Amino acid sequence: MYKVWSRLSGRGPVLTGRSSCPSGSAELHRGAGALCQKSAVRHPPSDVPEMPQCNFKAEEYQGMSKERMMEIRKKHCNPMTMKVTYYKKPVFIHQGYMQWLWDVDGKRYLDLFAGVATVSVGHCHPKVTAAAVQQLKRLWHTTNIYVYPPLHEYCEKLASYFPDPLKVIYLTNSGSEANDLAMLMARLHTGNFDIITFRGSYHGGSPQTMGLTSNAAYKYPIANGLGCTNTMCPDVFRGPWGGSHCRDSPVQTIRECSCAQGHCMANEQYIGQLKETFATSVPSRIAAFFGEPIQGVGGAVQYPKNYLKEAYKLVREKGGVCIADEVQTGFGRTGSHFWGFQGHDVIPDMVTMAKGIGNGFPMGAVVTTPEIAASFAKGVHFNTFGGNPVACAVASSVLDTITEDNTQQISLDVGTYLMTELAKLREKYEIIGDVRGKGLQIGVEMVKDKASREPLSPEAMNEIFEDIKDMGVLIGKGGIYGQTFRIKPPMCISMEDADFFMAVFNKSIHNYMERR
């Protein structure tokens, strides 16, 4: 059978029957992901890479049938649930633990999508679960009218992760809500209205944030997002300009570049496009610029290294505030830094976050300056559930766990390794156009061929996607054309897990190329 990707040799999968985990030793990152054991399966199927085993035993599922669930899903759940059901053969999830998920039939999956980059430290992490249970036994809900310890303990702790003057915190229930609030605060503080975002961005699905979002799949034919303008995304792979050392990533594009060291022609061109937007599409004074440090739904798109620094300067000259959307990049996921904006050497005026903040518990936040907060205090803003005791207890435990389990370092080490190995597959297969990202925020852009860079068809993407799932790995898709595989796992995965994925991904691409 296929052995998982060899780190020692650097070669692809080789034919062997050994387990992917070293005998007598199970874990790579102590205290992080679920332990890996030597496989008890003597003769696994010869055509499927061998999955590292787990020391956690899932409960036997005894609930309603899959057929009944699908009947209810079609009849009573909103129609969007069927639209976003990714697979031809849906995955019926029953239980999760750390980097693993089990379906109702007991099949185990390596989760490399983390509920859309949301499960930060691991499914049902024991420390976070214990914090939630403890708080549930003490106090579920009260209101900001009263003073309760979990809110204040968490706000102080979260603020300690930010540089001055980002020290004032508003707690919400989601990323869309956080971005909606940031839009309002920016407009009130500056007295201006217009907001600029990148094409291909995703900042939420509320009526206001839909205007920030620049992807037709998430748009409705109604008036939305008045005052929002999209500028060209400085995508150095798919965009008109890009070179071989533009971005802050272990892997660069395959595009040629003649730029001198320290000089980036692509960055100059994309900044020129932003200046063109200022000159043609917005008033002379604006409210804000929204930007993800690395685009999430857009397909892990990265910008030239100095782009955000120069963009922030231009925005502030126009009276606007700079807002970093850290919903997907925050909490150490990029590996090199705790916040994505730090990798660009900038300090925003506001930072929005959600997803990983609560390891899957519904929560979001806006972090801003005392000056902007004072502007917002002219009216009354009240959020019934924002900062509730359980959310704060969970989020506080997540911050502790990130430190105790060293998940930021895991993101850096395992993510860098994954991208380096994926780059080898890019050399091997014509349909892998780009590998990019930082830490465990990874995108693999698929193309018809490297010369044209035309997106691989949805049908082909779905074939590969389904094959990966059938071999026991869950990943995501993104990009304007759905052409990018997104790898954003819980930040507790091990090198053995990465090896297993590499073997699965290599085999799925090989299978597709053979069928083609």
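Biologist: Let's start with Glu317: how exposed is this residue?
Modeller: Glu317 is partly exposed, with a relative accessible area of 46%. Keep in mind that this is a predicted model.
Biologist: Which side chain does Glu317 meet in a salt bridge?
Modeller: That would be Lys313, at 2.8 Å from N to O. Both residues sit in helix H9, which covers residues 307-317, and they are four residues apart, about one turn of the helix.
Biologist: And Lys313, buried or exposed?
Modeller: Lys313 counts as exposed because its relative accessibility is 54% and the cut-off for exposed is over 50%.
Biologist: How many salt bridges does the structure hold?
Modeller: There are 20 salt bridges in the structure. One of them links Lys424 with Glu421, where the closest N and O atoms are 3.0 Å apart.
Biologist: Where do Lys424 and Glu421 lie?
Modeller: Both are in helix H12, residues 407-428, three residues apart, which again is about one turn of the helix. Lys424 is partly exposed at 31% relative accessibility, whereas Glu421 is buried at 4%.
Biologist: Okay, which residues are linked in a network of salt bridges?
Modeller: The network links Arg238, Arg247, Arg426, Asp434, Arg436 and Glu445. Within it, the side chains of Glu445 and Arg436 meet at 2.8 Å, N to O. Glu445 and Arg436 are both buried.
Biologist: Switching to strands: which way do the residues of S11 point?
Modeller: S11 spans residues 350-353, with Met350 and Thr352 pointing one way and Val351 and Met353 the other way. In a regular strand the side chains alternate between the two faces of the sheet.
Biologist: What is the strand order in the open sheet of four strands?
Modeller: The order is S3-S4-S5-S15, and the pairing is mixed. The edge strands are S3 (93-97) and S15 (473-474), each of which pairs on one side only.
Biologist: How does S5 join S15?
Modeller: S5, residues 108-111, runs parallel to S15, and two bridges join them. Leu110 has Val473 as its bridge partner in S15.
Biologist: Now the backbone. Which peptide bond is cis?
Modeller: The bond from Asp164 to Pro165 is cis, with omega near 5°. Pro165 is in the loop between helix H5 (149-159) and strand S6 (168-172).
Biologist: What is the phi of Ala114?
Modeller: Phi of Ala114 is positive, about 55°, although this residue is not a glycine. Ala114 lies in helix H3, residues 114-117, and at 0% relative accessibility Ala114 is buried.
Biologist: And what about Arg453, where is its place?
Modeller: Arg453 is in the loop between strand S14 (441-446) and helix H13 (458-470). Its phi is near 60°, also a positive value in a residue other than glycine. Arg453 is partly exposed, with a relative accessible area of 21%.

Methods. Residues numbered from 1 in each chain as written. Predicted model: local features only at pLDDT ≥ 70, side-chain atom pairs only at ≥ 80, totals over all residues. Heavy atoms only, no water. Buried < 20%, exposed > 50% of the residue type's maximum accessible area, 1.4 Å probe, protein only. Salt bridge = Lys/Arg side-chain N within 4 Å of Asp/Glu carboxyl O. Pairing = 2+ DSSP bridges.
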